[in-house]
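Hi,

Here is the structure I said I would pass on. Have a look at it first, and then read my notes below.

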Amino acid sequence: MDLHNGLLYWPTTLVKPTHTNLHIKAHYDVIIIGAGMSGLLTAKALVDEGLNVAILERNEIASGSTSANTGLLQYSNDIMLHELAKQIGEQDAVRFYKLCYEALDQLEAISLSLPDNANFIRRPSICFASKKGDVKMLEKEFEMLNQHGFPVEFWNDIIVRNRLPFQAPAALYTMNDAEINPFKFVVYLAEQLKTRGVHIFENTFGNIIEDESTHITIKTMHGDFNTSRIVYTTGYNRLPHGSLTGADINRSYAIVTEQNPRFEGWYEQALIWETARPYLYLRRTSDNRVIIGRLDEKKAKPTKGQEKIEAMAEKLLDELHRLFPSEAFQAPYKYSASFGESLDNLPFIGQHPDEKNHYYLLGFGGNGTVYSLLGASILADLIMGRKNDDARLVTLDRKYGLT
C-alpha cells in the first residue's frame, strides 16, 4: 500500500545514496523486514550486541512513513499520563512515560554520531487547551507529570497571551523534547550501519516466509535468505506474517511552508500541539519553514486526488494564519499520508506469542520515532535472551495485539 501522496519535503533535503545489493550470506543471525525508522534502530541495537544482521526493504530506504514523518520527538503521548494511568495503572503509566523520556536522550546520542546531527535540536513543547472545557484536563496532567518529576509548567490564559501570538485558555509547557529530520536520520544511520557490516537489500520483497525447526527461510525474487530470527518493522503496511488486531489505519494531511527567516513570535521555536482529537501539530524546521498537519480522516489510503490535497492544504494554511495572524505563508509542499493508531494508545513490540523466533516492532501512534527507539532496546534484550521488565507494557498478547 502507498503510504503517502503529494509533494514531500524531507526527500529534498538530502540526495539519497543508492544501495547495491550484496551477495547473500548463507545465514544471518537476524533479518529485519522494513528499512524505516524502526528497522534501522533495531538493526543498530542488534549490531551493538555483535549479531550478524540483514535488512530487507520492499521499496527504498526511508521511502515509506519516514518521508512523511513530521519529526516531532516528545515524551508526552497521544494519551495523557493521567489517562494512561486509569487504563494500565499509575506505576506502569509513569514507567512508560519515563521510557519515552529516556528514549529522547538515546536518540540524541545516535544523532550526534551522524552528519549534521540529522538536524536533531532540543525543543520545548506547548500543548494548548483547544477549548475552555479542556483546562481541567491540562491541570490534571500537570499535577501528575510534576508529581513524578517530569519537566513541565502550567500556563494560564494570561501567560499564554503574554508568550504566544494566539489566545488559549491554558497550556502545558514541557521541556527536553526535540525535533529531527527523520529522512536524514534514517539515510545517515543506514550508511553508518553498512560500515559495520549490516547488509541492506532494497527493492527486495519477502513474499514467502517459511519457519522450519532449525531456521527461517525468506524467499524473494533475488534469492533465498536464511536466518535464526526475523523482526517485522513494516510500519503501517500489511504484515507479511501474522495479523494485527486493535489498530486503526487513518489518513492525515500536512504542509510545509516556504522559508521565512524573519519569522517572529514563536516562543522558543517550541513544538506546538493541542488537546483536541484529532489534534493540530506544528513545528519549525532548521531552514526556517513551518510543518503543520491535522485534518485526519477515517480512511486508510492517502488521498490520490491533487484537488483534495490542495483544498486540505488551504485549510491548514488558514489554521496557521489563525495562530500567527501577523504572518503570511505559502506552502509548496503538501501531502496526504497514512498513519496508524492502536486502540489502547500503546505500540506493539515483542515476540510473537506462539512463534518464538518472530519479533515485531510496530510503533503505532503519534510518537512513533520514540517508540521505535524504546522498542529496539526491548527487542535486543529479548533476542539476546535477557529479561526485560518493560516488555510486558507493550506485549503482543495483550487484549489488542497480534494473532
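**What I found**

Before anything else: this is a predicted model. Let me start with a helix pair. Helix H1 (residues 37-47) packs against helix H9 (residues 368-383) at an angle of about 35°, and their axes are 8 Å apart. The crossing of H1 past H9 is right-handed. On the H1 side, the contact uses Met-37, Ser-38, Leu-41, Thr-42, Ala-45 and Leu-46. Facing them from H9 are Thr-369, Ser-372, Leu-373, Ala-376, Leu-379, Ala-380 and Ile-383. Sorted by type, the residues of this contact come out as nine nonpolar, four polar and no charged.

Since 11 of its 11 residues are buried, H1 is largely enclosed by the rest of the structure. The buried residues include Lys-44, along with Gly-39, Leu-40, Ala-43 and Val-47.

**The cores**

Which residues touch the most other members of the largest nonpolar core? They are Leu-41, Phe-96 and Phe-185, in a core of 90 residues. Helix H4 (residues 90-111) supplies the largest share of this core, with 10 residues. Apart from this core lies another one, of 29 residues, and among its members are Leu-164, Phe-166, Trp-266 and Phe-324. As background, nonpolar side chains in soluble globular proteins tend to be buried together.

Leu-41 is one to click on, as it turns up both in the H1 contact with H9 and among the residues touching the most other members of the largest core. Phe-96 is another: leaving out residues up to four places away in sequence, Phe-96 touches Asn-77, Leu-84, Leu-346, Pro-347, Tyr-371, Leu-393 and Val-394.

**Strands**

Now to strand E13 (271-274). Leu-271 and Trp-273 point one way from E13, while Ile-272 and Glu-274 point the other way, and all are buried. On one pairing, E13 runs parallel to E5, joined by four bridges, and Phe-128 stands opposite Glu-274. On another, E13 runs antiparallel to E14, joined by two bridges, with Ile-272 opposite Leu-282. E13 and E14 also make a hairpin, joined through six residues.

There is a further hairpin to look at, made by E17 and E18, again with six residues between the strands. Strand E17 (residues 348-351) pairs with strand E18 (residues 358-362) in the antiparallel sense over four bridges. If you want a residue pair to check there, the bridge partner of Gly-350 is Tyr-360 in E18.

The exceptions I picked out are below.

- The peptide bond from Arg-277 to Pro-278 is cis, with omega near 0°. Pro-278 sits in the loop between strand E13 (271-274) and strand E14 (281-284).
- Asn-119 is not a glycine, yet it has a positive phi of about 60°. You will find Asn-119 in the loop between H4 and strand E5 (121-128). Its relative accessibility is 17%, so Asn-119 counts as buried, the cut-off being under 20%.
- Asn-288 is not a glycine either, and has a positive phi of about 65°. Asn-288 is in the loop between E14 and strand E15 (290-297). Buried, exposed or partly exposed, then, for Asn-288? At 27% relative accessibility, Asn-288 counts as partly exposed.

**Two exposed residues**

Ser-213 is in the loop between strand E9 (208-211) and strand E10 (216-220). With a relative accessible area of 77%, Ser-213 is exposed. From Ser-213 to Tyr-101 it is 40 Å, C-alpha to C-alpha, and the two are 112 residues apart in sequence.

Asn-162 belongs to helix H6 (residues 157-163). Asn-162 is exposed too, with a relative accessible area of 64%. Asn-162 and Ala-26 are 136 residues apart in sequence, and in space they are 64 Å apart, C-alpha to C-alpha.

Cheers

Conventions
Residues are numbered from 1 along each chain as its sequence is written. This is a predicted model: local features need pLDDT of at least 70, side-chain atom pairs count only at pLDDT 80 or more; totals for chains, interfaces and linings use all residues. Side-chain values use heavy atoms; hydrogens and water are left out. Two strands pair if DSSP finds at least two bridges between them. Axes are lines fitted to C-alpha atoms, for helices over the stretch in contact, and angles run from 0 to 180 degrees between N-to-C directions. A crossing is left-handed if the near helix is turned anticlockwise from the far one by less than a right angle, and right-handed if clockwise. Contact means heavy atoms within 4.5 Å. Ala, Val, Leu, Ile, Met, Phe, Trp, Tyr, Cys and Pro count as nonpolar, Asp, Glu, Lys and Arg as charged, and the others, Gly among them, as polar. A nonpolar core is a set of buried Ala, Val, Leu, Ile, Met, Phe, Trp, Tyr and Cys residues joined through side-chain atoms within 4.5 Å. Buried means under 20% relative accessible area, exposed over 50%, partly exposed in between (1.4 Å probe, protein chains only).
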